[in-house]
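Here is a short report on one protein chain. Read it with the sequence and the model side by side.

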Amino acid sequence: MNDRNIPITEDELHAYVDGELPAERRADVEAFLAANPDEAERVQSWRAMAEMLHARYDSVVLEPVPVRLELERLERRPRQWFYGAATAVLVAFVAGGTAGWVAHGAANAPSTFQSLTADALDAHRLYVVEVRHPVEVGGNERDHLQAWLTRRCGWTVFAPNLEASGLKLVGGRLLPGPNGPASFLMYEGASGERFTIYATKTESGATQMRYAKTDKDGALFWAERGVGYVVSGGGDRDRLTKVAQAVYDQAEKNGT
């Protein structure tokens, strides 16, 4: 059969961008793009985004998956955390400003703050570099994504609308947390910047928002109603704070 009679699929376009398309199919895809300028423009935008992500994250993309993120560890017993050099790169600050954040109970125990933030930043750095498979369930299935993660995690998982911040929901996935499953949501801006929301159960009470930074990425952590939240993004703390505030405000409004 002549491959030119087989329709070009979305997966093949992504494989073309990633350099993973079989050689015998490449000419067909290029002919398709030459005849469809809109598709060619879309593919070019993917390529530009991939180049930007590789330029920013190639230093970490080849790192092994952290043991704490191995899915088979979902049912493990609560672990003990030991922090040596890793603690030095996490710099915590008590966030000021918004009254709703500052009015939350006693300060969170450092071990909880550090462990959840470390998990969240590991997941953020691992998945934001992905172009074809950054999530398990796409953002076009928001209702299904929320229902699936809610059922698996045991609390109401809500994917906030961050369009006012210039961010669109990419989708989400299920990850292991320190005491059970964790939800992981990813958002993306027009320039390719990505933010993630990591949430998992915690024994800590309500806490103030706290900031951590490692390498080029920052994170804001808080806990509410037995769930710890970490919003991770780039090194622009002001931008990260605005996104985290939008997440916090919507979570409060929806009672999650």
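Buried means under 20% relative accessible area, exposed means over 50%, and partly exposed lies in between, with a 1.4 Å probe and protein chains only. By that rule Thr 117 is buried, because its relative accessible area is 0%.

This is a predicted model, in which local features need pLDDT of at least 70, side-chain atom pairs count only at pLDDT 80 or more, and totals for chains, interfaces and linings use all residues. Residues are numbered from 1 along each chain as its sequence is written, and side-chain values use heavy atoms, with hydrogens and water left out.

**Overall make-up**

The chain has eight helices and eight strands. Both are DSSP runs numbered from the N terminus: helices are H or I with at least four residues, strands are E with at least two. Of the 256 residues, 48% count as buried. Contact means heavy atoms within 4.5 Å. Among contacts with a separation of 6 or more, 64% join residues 24 or more positions apart.

Thr 117 is found in helix α6. Asp 143 sits in helix α7 (residues 142-153). Asp 143 is exposed, at a relative accessible area of 63%. Asp 143 and Phe 158 are 15 residues apart along the chain, and their C-alpha atoms are separated by 9.2 Å.

**α1 and α2**

Two packed helices are described by the angle between their axes and the distance between the axes. Here, axes are lines fitted to C-alpha atoms, for helices over the stretch in contact, and angles run from 0 to 180 degrees between N-to-C directions. α1 and α2 (residues 23-35) pack at about 105°, with axes 11 Å apart. That makes α1 roughly perpendicular to α2. The cut-offs are under 35 degrees for roughly parallel, over 145 for roughly antiparallel, 65 to 115 for roughly perpendicular, and oblique for the rest.

From α1, Glu 12, Leu 13 and Tyr 16 take part; they meet Arg 25, Arg 26, Val 29, Glu 30, Phe 32 and Leu 33 of α2. By class, this contact has five nonpolar, no polar and four charged residues. Ala, Val, Leu, Ile, Met, Phe, Trp, Tyr, Cys and Pro count as nonpolar; Asp, Glu, Lys and Arg count as charged; the others, Gly among them, count as polar. Buried residues in α1 include Glu 12, Leu 13, His 14 and Tyr 16. Just after α1, Gly 19 takes a positive phi of about 75°.

**Pocket and cavity**

Rolling a probe the size of a water molecule over the atoms shows where empty space is left. The search uses a 1 Å grid over the protein atoms alone: a cavity is a set of points where a 1.4 Å probe fits but cannot get out, a pocket is an open set with protein on both sides within 12 Å along at least five of seven lines, and lining residues have an atom within 4 Å of a point. Grid points are joined across faces, edges and corners, and a volume is the space filled by probe spheres set on the points.

| Space | Volume | Lining, by class |
|---|---|---|
| Largest pocket | about 740 Å³ | nine nonpolar, seven polar, eight charged residues |
| Largest cavity | about 120 Å³ | 10 nonpolar, three polar, no charged residues |

The largest pocket is lined by 24 residues; His 14, Val 131, Pro 134, Val 170 and Glu 188 lie nearest its centre. α1 (10-18), α3 (37-61), β2, β3 (167-177) and β4 (180-189) each supply at least two lining residues.

Pro 134 is found in the loop between α6 (110-127) and β2 (137-138). Pro 134 counts as buried, at 7% relative accessibility. Beyond four places in sequence, Pro 134 contacts Tyr 127, Val 170, Arg 173, Met 186 and Arg 194. Pro 134 and Met 186 are 52 residues apart in sequence, with 8.1 Å between their C-alpha atoms.

The structure holds one cavity of 30 Å³ or more. The largest cavity has 13 lining residues, with Val 157, Phe 158, Leu 185, Ile 197 and Tyr 229 nearest its centre. β4, β5 (194-201) and α8 (237-254) each supply at least two of its lining residues.

**Two loop residues**

Asp 215 has a positive phi of about 55° although it is not a glycine. Asp 215 lies in the loop between β6 (210-214) and β7 (217-224), and is exposed at 53% relative accessible area. Arg 225 is found in the loop between β7 and β8 (227-233). Its phi is also positive, near 55°. Arg 225 is partly exposed, at 47%.
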